[in-house]
Amino acid sequence: MKKYNFNAGPSVLPDVVLQAAAKAIIDFDGTGLSLLSISHRTPEFESVVAEAKSLFRELLNIPDNYQIFFVGGGASTQFFHIPANFLGKKAGYIHTGVWTKKAIKEAKYYGEVELVASSEDKNFTYIPKDYTISEDLDYLYICANNTIYGTEYKSDIDSPVPVIADMSSNILSRPIDVSKYAVIYGGAQKNLAPAGVTFVIIRDDMLQKVVRQLPSMMNVNTHVDNNSMFNTPPVFPIYVMRETLKWLKAEGGLAEIHRRNEQKAAMLYAEIERNSLFRGTAAVEDRSSMNICFVMSEGNEELAAEFMAFAKERGMVGIKGHRLVGGFRASCYNACPVEAVEALVACMQEFEKMHA
Ligand SMILES: Cc1ncc(COP(=O)(O)O)c(C=O)c1O
């Protein structure tokens, strides 16, 4: 049976990328050696890192005064690396769910956290809009796409202080204005690669703003100065990331992937709204194009387990909502084909007919 992969992360990657990765495990770029058993300090692997960086720069239109590095530890490591480097006295956080809660907890080890705004009052179903950003903050921290609650910032925010954004689950899903951010980072295991590598895009002036003495691995300058090779980098995920970036460019870059992502999201949200058995959970203006969350409509709650089994029989994988939200979540990342969304919509329609 054909499987439709809606996993929230690690998640679907393009077939051509998986094929290239499988081949490289046997023969890495014609070297006759496996990618898994070469030194990272070889011209061949250095060129993988260089190409990944230059494709990232080209696709996201990253200005010249920004550096990119790749490092292990996952996005969760950045939750404490960011305040360790940049929180001298006080930082502002906009609280939009589990991932900002974790980031706030880590930041408090290093200084004061000002809760600039929060959507906790409505179980994180929206993105806060009315708030003032004090000029005395070291930085303002946001999570650009809330993977669990299915909410997303639809525009780049203006701020008098440096903006630091976790873009783990919407990086490269649409064009953004990088110049509005001081740091953009994320785990690569949604739109780019298997788990194991984190990308960090950092504006040059931030490299001079490190507020304390830090162990080498924690200091952002170490990774910039050593071209992501201070220690052994996550070789395999970086390779896969390069292949995904090549794929993205060949598909038409961010303008085209954004068009497809909007098409997929519009199709699924339209069905959630039309189908009397389901309802969406996120505020319409803030709902994510990547993680589409829905539940059974009022009075139909008891059909949830039946729908889950029904969808599974039709090849839907990974649509169970996060345990904190319940219901369903279809993650429609860049590599999720439109056919997968069509299949899910058809499945929802068939289920509705059975219960009409
Ligand atoms: C938005 C966001 N931030 C951070 C994380 C944590 O990432 P990691 O598991 O790489 O530490 C996740 C994981 O799903 C996420 O979705």
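Two residues are in contact if their C-beta atoms, placed from the backbone, lie within 7 Å. By that rule Met241 touches Ala52, Ala188, Leu192, Ala193 and Val197, when residues up to four places away in sequence are not counted. The structure is a predicted model, in which local features need pLDDT of at least 70 and side-chain atom pairs count only at pLDDT 80 or more, while totals for chains, interfaces and linings use all residues. Residues are numbered from 1 along each chain as its sequence is written.

The domain assignment of the protein gives domain 1 (15-250) and domain 2 (252-354), with bounds that come from an automatic or database assignment. The C-alpha centres of domain 1 and domain 2 lie 27 Å apart, and 22 residues of domain 1 are in contact with 23 residues of domain 2. On the side of domain 1 that touches domain 2, strand E7 (151-152) and helix H7 (235-250) each supply at least two residues; helices (H or I, at least four residues) and strands (E, at least two) are DSSP runs, numbered from the N terminus.

Met241 also belongs to the largest nonpolar core, which has 103 residues and in which Ile142, Val183, Ile238, Met241, Cys332 and Leu344 touch the most other members. This core draws at least three residues from each of domain 1 and domain 2. A nonpolar core is a set of buried Ala, Val, Leu, Ile, Met, Phe, Trp, Tyr and Cys residues joined through C-beta atoms within 7 Å, and a residue is buried if 20 or more other C-beta atoms lie within 10 Å of its own, exposed if 12 or fewer, and partly exposed in between.

Helix H8 (residues 253-274) and helix H10 (residues 338-354) pack at an angle of about 5°, with their axes 10 Å apart, the axes being lines fitted to C-alpha atoms over the stretch in contact and the angles running from 0 to 180 degrees between N-to-C directions. H8 is therefore roughly parallel to H10, since angles under 35 degrees count as roughly parallel, over 145 as roughly antiparallel, 65 to 115 as roughly perpendicular and the rest as oblique. Leu344 of H10 takes part here, where Arg260, Gln263, Lys264, Met267, Leu268 and Glu271 in H8 meet Val338, Val341, Leu344, Val345 and Met348 in H10.

The backbone also deserves a look. The peptide bond from Gly9 to Pro10 is cis, with omega near -5°. Asn123 has a positive phi of about 50° although it is not a glycine, and Asn123 is exposed, with 12 other C-beta atoms within 10 Å.
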